[in-house]
Amino acid sequence: MEYFLSLTITGLVMGIIYALMALGLTLIFSILGVINFAHGEFYMLGGYMSYFILAVVAGLNPFVAVAVGGLIIALIGLIFELGFLRPMHLGHIERPAEYAILITFGLSFFLQNLALATFGPYPHRPPSFFEGSVDLGIIRIGADRLTASLLALALLAVLLLIINRTWIGKALQAVSQNKDATAIVGINPLRMNTLAFGMGVGLAALSGALLAPSFSITPDVGAVPSIRSYIIIVLGGMGSIPGSILGGLLIGLVESFGAGYFPDPSRALNYKMVFGLVIFALILLFRPRGLFGRREA
Amino acid sequence: MTANTEGTSTQSTGNNSTGRRLWFSTQWVVAVIVLVIALIAPLFVQTYWLHVLIIAYFYAILASSWSLLAGYAGQFSFAHMAFMALGAYTVGLLGRFLRLSTAPTGTCAEVRLGNLWLVLLNAVGDNCLEVGKANMPVGTLIYHPPLVPGIILGILVAGLAGLAIGALVLRFRAAYLALFTIAFSEILRTLIRGEPQITRGDHGLRVAALFPDTISRIPYYYTMLAILVASLLFMFWLARSRVGLFLRAIREDEEAAAARGVDVVRYKVMTFVITAMLAGLAGVFLAHYITILSPNIMVLPQMGLVIAMAIIGGVESLLAAAIGALIIQVSLELLREFEAWRLVIFGALLIVTLRFARNGLLAPLMQQLAGVVPRPESRREEAAAEVGEEVRV
Amino acid sequence: MKKFWNLFLIAAMLLAAVPVVAAAPPPQDGGQDYVVVADDWLSKLSDKFLGDVLAYPAITYYTNQKNAEDDSYAQITDSDVIEVGWKIYIPSSEEAQAYFAGQTTTAGAMGGETIKIGGFGPLSAPGSYQGGTEMRQAAELAVDEINAAGGVLGRQVELIFGDTEGLPERGTAVTERLITQEGVVALTGEYHSGVALAELEVAHKYGIPVVFAEPWADEVTGSGYDEIFRVAPSIEFYSSIASNYIAEVGWDKIVFVTEDTDYGRLQGEGWVEQLEALGITDVEVIYADPATEDFTPILQRIAQDPPDMLGGVITGIGNSRMLRQACELGLAPTAQTAYYATTDSQYPEFWETVGDCGQYAFFTYVGLPKSLWNENTEAFMATYEERYGQVPGGVAMEAYDSVYVLLKAMEQAGSTDAQAVIDALEDIEHTGVLGKIWFEYDSKNPVPADQPAWMWHQWLTPNVFILQYTEAGQSVDEAAVTYPAERATGSLYTSP
């Protein structure tokens, strides 16, 4: 029983952070209708940004570095959206659905190699938030990881608050439900798009920055979180915010229990990835709207 | 009923038919020039560059077949390298586990074929062949089966996978298609890596060379070139035939095409199967050329490279995609000293091309030479009208 | 606007075409005589006729060949000095290629100025670029030192290092390129076993000698090929040090989490066998993708029934990650469970990532700990650190000694001819930074039937030790050498 609980905690701790990143992806999909194939690379950039801020400004509070890093990456996302995604919504692009896939995939290719060329292949690690680990009785958790998880939880709460209680949040919700109607009431959907993209990649960047002290960063560190995020939003329902949160927690638990209980321990870790992908493929085939998504129009 | 002349557009809705004829002729001219250069290249190019070109032809087959699937049929699949890998690993595994013997082993699974036995080795445990050798008559010959059946099987396996995937993704919108094919590719790669007892995983699976008696690359060079040319000719023919016409119609407006009587399901799946088989073909010959396979041949960045080649060349023109692949592969090699920055440049080029030059960089260049400028808005009507003519009974 | 774009695209394409055209040298139908005129340089002529400015040694070589038969041809003693009016012979591109491929049987090719040797190793992902870069740096240092001392056979040596990226297919391509295009007469280096196995086939095909510096797979020397020599330990040997150590300390229950690469699997399987032979049967091996970020769930599973020793056999960043996570969980290194890490623990970044968790971790080290340095080692350590600003690891030492062994053999052979070099390597004795190196079993003294095949052309006493960090932040030199007992500087195992 204790083992089960300890695995549950491990799964949830990571799951919250997965949810934060997936929320960013689902937000982008919900508002822009685009799957951001470069989501993992923004995660990676967030980690590098926080590392470099701390390297350049010695003695800075690591939490400030995370926040600033996230903000800078969000701004970069904003600029990309303006230059390369907005034309899609202005009708300048033929076959926008395919364009969106290719351009974000191309961005992913570009950013990964840019990071490799700029930062080199060696791993980097920003200083810890807190050293050591925390004893919770059934399990000990690394202090950095727990901090990241708690902060992610706080960010999720703040985000939910923004989306449900503020004007901006409601405007975003409106755009996700019905673009034309929103435009009629005077909200500029194009601006909402840009904002949503910036927020979405900002969330990915924050996840990356939060986890950097725990796992270190390399240029390809975003590849696995990227695929995991796709799995989560498909599981939870593309465009559904509660779906991405629940999906994140679920995937965290699946990874934890998968490795913890798979009968053949020698293969358990490897097949963790395959499980996720197979679930993913099955959902796409049999219940594409996932847990909470809307039916396809 | 309007008699359907194979290939060329019959009547046209506007004045574009002359333009299209010119465009096709230009493509032929360019193709012939490039082909001639390719044919005589071994005379003045060093051995290492022959290798670069062989790999370039390999990528050209993949880029052009991907552009058939994506540009013509509108299916932006990320499973292309997976089909290629299926072809490659099929021949690799056959070579690893199959033998022909003049006498039965008694220890391995085997089936009699005339005077010979086809023996299947086991992946786990003691090598059943070695165990069986003790009891086999002296002078028994045990050898690898001929390569040709393996090649055919490799292509078929890839085609079957294409059939399965193509059928599954029929109803999928672009984003879901992309995600699903990525998942398929990664699952396959993880499986290959995860079962090294069968596939040798990262250690590398050895494959017989196509021309074992020579150290020269020249036979491989002409073989790969011949395959590239044959694939392109086949795809050209396909694109100019009714099938190509229907595909274009489906791409432009699936519902309208269906309303006109085009069997959307059939043609979409058919394209998947055909392009998967072409990818498998490329994979089969890659395997017999580099003679060592690892799961790295199908990592996502490789798929990204093929896509980049097709797009920069011109995703709606098979020839432009193929030549794009050649130019990019050669450039990557020439820019070797820039190491990681090479790919940064191509990534940037890809993004910029997508944004500002949807038809690629090469295709418009070739069209410039022909004095033709395609009118995107009319394509839809044109395609629909052509289909209408074709299908009307 | 559109027109402008189109023009720009055309220009871009044309510009791209220029290097393509430039890469292909002009057609060449046969060798020819040529009379030198003013302002001619051999390199310019080689560029003009052979399309490669670096192909001039072929001109020198063939001209001197002609000169040996016919006085009307000049004799070129210094490729930088040719005189107006000299009659020289410009070989055809086939002849030039043949020269560089070493196909000419004339021993001691006297024409070329520099002796080219090839190096290969991972300089980029997915290979272990850290090890590969270290190898390249050490090899370059060795070559520069040898050149400064007069070179080999009176000629300067040039090292051309190719990036294999850790992929077998790249290894094949790089080796082919080095041999056929660059014309190297010998090869050295390589870090990854799987890549080495691909490379040695190419070297064997062309008959080019190779001194492998770091790959451990038994089949490297187990191939039995004449051309292949190795300075690094075989996996069997390497693993046996750890296995014997484990038996010595007296641990009964062992769990390895190892990477699911060829290296990891060979290691894992090897240990299971060796430990069983030593009477330790409770050994479990778990495979993991080396790129895994989070090992925690599997570590929790292991923690259910904690072993006496947990081995984290993941190279690269995984090494530090796993140790850190095991430590955070309170699993290892603890009084109950010891932690065995990989050789990547020797690098300074190890402490940056694991913090205090690295204390009490131990690992197998291939190289020479400070207590055992000879004067060569000291000199090397100092020079390397001064030049590169890093402390060299065992891999660097191996690469350095490999180059010395190779070039010393060439000097002793009196020629760069492949067979002569191979014969010389079989007889070589060199005291390098790692100690005295020689190859026990060779064509004159074959491997006995009761010994494993990998002993062929293998240095049989490589330096493999168990090192343990007894305090946090220690460098490799400060760490305690705990095994083998004869060389130990500290106690067998220091428990937390």
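Q: Why is D282(C) called partly exposed?
A: D282(C) has a relative accessible area of 37%. Buried means under 20% relative accessible area and exposed over 50%, with partly exposed in between (1.4 Å probe, protein chains only). The value of 37% therefore makes D282(C) partly exposed. This is a predicted model, in which local features need pLDDT of at least 70, side-chain atom pairs count only at pLDDT 80 or more, and totals for chains, interfaces and linings use all residues. Residues are numbered from 1 along each chain as its sequence is written, chains are lettered from A and ligands numbered from 1 in the order in which they are written, and side-chain values use heavy atoms, with hydrogens and water left out.

Q: What makes the contact of D282(C) and K253(C) a salt bridge?
A: A salt bridge is a side-chain nitrogen of Lys or Arg within 4 Å of a carboxyl oxygen of Asp or Glu. For D282(C) and K253(C) the N to O distance is 3.7 Å, and the pair counts as a salt bridge. The pair links distant parts of the chain, 29 residues apart: D282(C) is in strand 9 (residues 282-288) and K253(C) in strand 8 (residues 253-259) of chain C. Strands (E, at least two residues) and helices (H or I, at least four) are DSSP runs, numbered from the N terminus.

Q: Is K253(C) buried or exposed, and how do you know?
A: The relative accessible area of K253(C) is 18%, so K253(C) is buried.

Q: With which residue does K253(C) also form a salt bridge at 3.4 Å?
A: K253(C) forms this salt bridge with D305(C), 3.4 Å being the distance of the closest N and O atoms. At 47%, D305(C) is partly exposed.

Q: What makes R177(C) and E182(C) a salt bridge, and why are the two called buried?
A: Their side chains meet at 3.9 Å, N to O, in a salt bridge. R177(C) counts as buried because its relative accessibility is 12%, and E182(C) counts as buried at 18%.

Q: Why are helix 12 and helix 14 of chain B called oblique to each other?
A: The axes of helix 12 (residues 300-313) and helix 14 (residues 340-356) of chain B come within 10 Å and cross at roughly 50 degrees. Axes are lines fitted to C-alpha atoms, for helices over the stretch in contact, and angles run from 0 to 180 degrees between N-to-C directions. Angles under 35 degrees count as roughly parallel, over 145 as roughly antiparallel, 65 to 115 as roughly perpendicular and the rest as oblique. Helix 12 and helix 14 of chain B are therefore oblique to each other.

Q: Why is T343(C) called buried?
A: The relative accessibility of T343(C) is 14%, so T343(C) counts as buried. T343(C) lies in the loop between strand 11 (338-341) and helix 13 (349-354) of chain C.
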